[in-house]
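Which charged side chains pair with one another in this protein, and where in the chain do the partners lie? The following paragraphs take up that topic.

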Amino acid sequence: MKKEKLTFLKPKKGDKLGQWLIEQDISAGFPSPADEFKEIRISLDKELVNNKESTFYARVSGNSMEDAGISDGDLLVIDKSLEVKNNKIAICFLDGEFTVKRIKKERGKLYLKPENKEYKEIIVNEENKLIIWGMVTYVIKKFS
């Protein structure tokens with residue numbers, strides 16, 4: 001099993017105009033007969049970031065969350081200001097290392113659950129040093 005690694009990035013102040021966005025919905029079924037598309041500018045930071053001061057990006061290395069749609073090389077949007085909630089995906093700092101896992105609270109116990117059957121659940125106990133660093137709000141994927 002390949003060890004996971006996260007690389008963190010902070011959103012940068014940039015061009016306020018953003019990138020072009022086609023305002024009309026794109027059909028995933030049959031093509032639309034529309035002759036023209038109205039284009040506007042979109043800022044991904046404005047779209048994906050609710051709290052600029054507490055939001056970070058991290059690049060995923062590893063495949064322990066692939067069944068949740070998080071793959072090696074994906075870019076995660078993480079908000080440190082959000083409340084930790086059961087069954088949500090979080091960035092955890094466990095015993096000196098970062099990992100991305102689903103939070104599972106059950107019968108008074110805390111688990112860090114991978115979304116890949118090749119990996120085992122981590123049962124967090126008193127001997128572990130755990131900081132839930134932030135909650136994953138978006139996954140940005142690259143299709144080749």
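The account below follows the salt bridges and then turns to one further lysine.

The model is predicted: local features need pLDDT of at least 70, side-chain atom pairs count only at pLDDT 80 or more, and totals for chains, interfaces and linings use all residues. Residues are numbered from 1 along each chain as its sequence is written, and side-chain values use heavy atoms, with hydrogens and water left out.

Side chains of opposite charge can pair when their charged atoms come close. The structure holds four salt bridges (a side-chain nitrogen of Lys or Arg within 4 Å of a carboxyl oxygen of Asp or Glu). In one of them, Lys 141 meets Asp 74 at 2.6 Å, N to O. This pair links distant parts of the chain, 67 residues apart: Lys 141 is in the segment after strand E10 (130-140), and Asp 74 is in the loop between strands E4 (55-61) and E5 (75-79). Strands are DSSP runs of at least two residues, numbered from the N terminus. Asp 74 counts as buried because its relative accessibility is 4%, whereas Lys 141, at 34%, counts as partly exposed. Buried means under 20% relative accessible area, exposed over 50%, and partly exposed in between (1.4 Å probe, protein chains only).

Another salt bridge joins Arg 102 to Glu 115 at 2.7 Å, N to O. Arg 102 lies in strand E7 (residues 97-106) and Glu 115 in the loop between E8 and strand E9 (122-124), so the pair ties together parts 13 residues apart in sequence. Both Arg 102 and Glu 115 are buried.

Finally, Lys 109 lies in strand E8 (residues 109-113) and is partly exposed, at 46% relative accessibility.

Definitions and conventions. Helices (H or I, at least four residues) and strands (E, at least two) are DSSP runs, numbered from the N terminus.
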